2 protein chains.
Amino acid sequence: MPASIHDVAALAGVSVATVSRSFTIPEVVRDVTRQSVVAAAAELGYQPNRAARGLITGRTGNIGVIVPDLGNPYFHAVLKGAQARARRADYAVFVADGQESASEEEALINAMSKQVDGIVLCSSRLAPGKLAALEATPTVVLLNRRVAGLPSVIVDSADGMKQAVHHLASLGHVRGAFVSGPRHSWSNRERHKGLRAAALECDIEVVTIGPVAPQFESGVGAAERVLEAGVTAVLAYNDLVAVGILSRLAQLGVTVPDELSVVGFDDIPLAAMVTPALTTVALPTALAGQAAVDLLLGRLENAGPPTARDLRKLPASLVIRGSTSAPAAVREPAPTR
Amino acid sequence: MPASIHDVAALAGVSVATVSRSFTIPEVVRDVTRQSVVAAAAELGYQPNRAARGLITGRTGNIGVIVPDLGNPYFHAVLKGAQARARRADYAVFVADGQESASEEEALINAMSKQVDGIVLCSSRLAPGKLAALEATPTVVLLNRRVAGLPSVIVDSADGMKQAVHHLASLGHVRGAFVSGPRHSWSNRERHKGLRAAALECDIEVVTIGPVAPQFESGVGAAERVLEAGVTAVLAYNDLVAVGILSRLAQLGVTVPDELSVVGFDDIPLAAMVTPALTTVALPTALAGQAAVDLLLGRLENAGPPTARDLRKLPASLVIRGSTSAPAAVREPAPTR
DNA sequence: ATGAAAGCGCTAACAT
DNA sequence: ATGTTAGCGCTTTCAT
């Protein structure tokens, strides 16, 4: 039987209100009084009961994080960042797996909403209309998604894609392929947008392959289509797909980067573990998770209308590893002529 | 403002007690009455407030899962399994990252204990003494760890290791290396134990390298020591280490499996993604997560003393992929003689 | 089978 | 600066 506020009050010789204040608004109680309260609490091992507190304040001290797939390494760093930031503010975090399904995600939001003060929705699979309808209860912050009226953290993946294309162009590539991600994915549209813009700037021709599911297997399946496209470089929707391509290429005896340069996206740990290590666009995932919780906590404090500060855009940056090089045609000029 | 039990009672024309009973002990209220209550609740979108319920029942409807490292792919499947099982029983799950630190883990347990009915402790880094002291509040279930008095789910990794060694022996290997995991890790001891037993059975000589941290980088660092050991096969503590070895080997121009066979442990998704794909001991991770929650929920219901059913041992199984083959000496008999 | 009423542990007016 | 007291929404005796 854990100690209650009454036990502490009795031991310290004060009222329960004073005990409560000593913890929630310490500045209004006299130093000596507070110290005796704290001492009594420590002696009894007292910890305020969150349920009781929540009953009256209407707050739970919890936040929820919903990701489309717990198995996707991309979200682990997000989770870790979110976790760390939340714990620093003494919030606990509920994690749930939406299983890449919009309806499951909606069910999760409903189930969660009574038990959390706010939710971070990562790469939501929900339709824009549904998302906009969420607005109120509880507070929601979007990650990797932009919808009017909702605070969100996004990564400048269009710019990341530009960096990747410029890298390829500077290497001498003039024709590349893009293995596209899920058609309705916001991230995919952003990446594609950056790609088209950069291709124009660099005068690179790009053929699109897909869309495919953002998984390893998709890359395995797409590899031969890339080969048939007659390109010297391929940009994949994400690292998982890129590694799938790498894997199939190795099987086929196509050497990377000599015969084909491969670029990924996300910079998940896996990217550095394969051979050759993957050149990829690094996304500040842990930072993003942290920023999302930060935003959420901020909106929980001052519940005014959304402001400009409710949109956080994080930079992406290209990480050059071993899977890209100049195309064969450039390094060994054609003997003809 | 969400509907409360009073609103439902008023609408259904009954007392709050009847509403409460309609949900918690439906069999004691008349069918017609209950139906009108249910209808009223549905109309109002009523959902019992968990905090209020918890205040009186002393239960939260939450469980916690603590893992040493959210970044370790091994735990994702565990998490996913735990999640799914918990949700089916209408429990929400808190997830926390112990950061591979015993003290952090202890802090987490304390912070969590007031908000959950039970905790699943995965591959706990806590000393046995600390673990035994946990016994009571709240209910704890261990995963990948065995301590007297605590319910636990373990995987038969000793047997998995045996399968791996027998596989190697049948291929013709007579001398192998084991890259050992963290010295005090329970899992490492189990694996080592299985290894020694099997090595004796198969008459294989095994040298131990390490211990090393269970990470990719450790494998990278260990690769050359493996080479120096003059073996034809290496068993790594886990897949991450094995893939690190693979990566360094590729850099050094050592071909796998021709010059060296490599075996991992865990069968994380990564194992199938590298080239050559990793032969490894598959652990039923999702199942383990599920079983742990199952056990926890079971103990929450009938709070008797621990029984034999409180220990669940899951089988491991070898998955043979491309990183193992007969040693060169066997395929191409030495010309001498 | 149902209702009335007493709290669970805490915070927030309102008093003093 | 501190104490008194009224609930927060719910479950659970105890009556009826």
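Modeller: Two strands pair if DSSP finds at least two bridges between them. The strands themselves are DSSP runs of E with at least two residues, helices are runs of H or I with at least four residues, and both are numbered from the N terminus. Keep in mind that this is a predicted model: local features need pLDDT of at least 70, side-chain atom pairs count only at pLDDT 80 or more, and totals for chains, interfaces and linings use all residues. Residues are numbered from 1 along each chain as its sequence is written, while chains are lettered from A and ligands numbered from 1 in the order in which they are written.

Now, the sheet in chain B. Six strands make an open sheet here, in the order 7-6-8-9-10-12, with mixed pairing. At its edges sit strand 7 (205-209) and strand 12 (317-319) of chain B, each pairing on one side only. From one strand to the next, the twist averages 20° (axes are lines fitted to C-alpha atoms, for helices over the stretch in contact, and angles run from 0 to 180 degrees between N-to-C directions).

Let's zoom in on one pair. Strand 6 (residues 175-179) and strand 8 (residues 233-236) of chain B run parallel, joined by four bridges. In general, strands of a sheet pair through backbone hydrogen bonds, either parallel or antiparallel.
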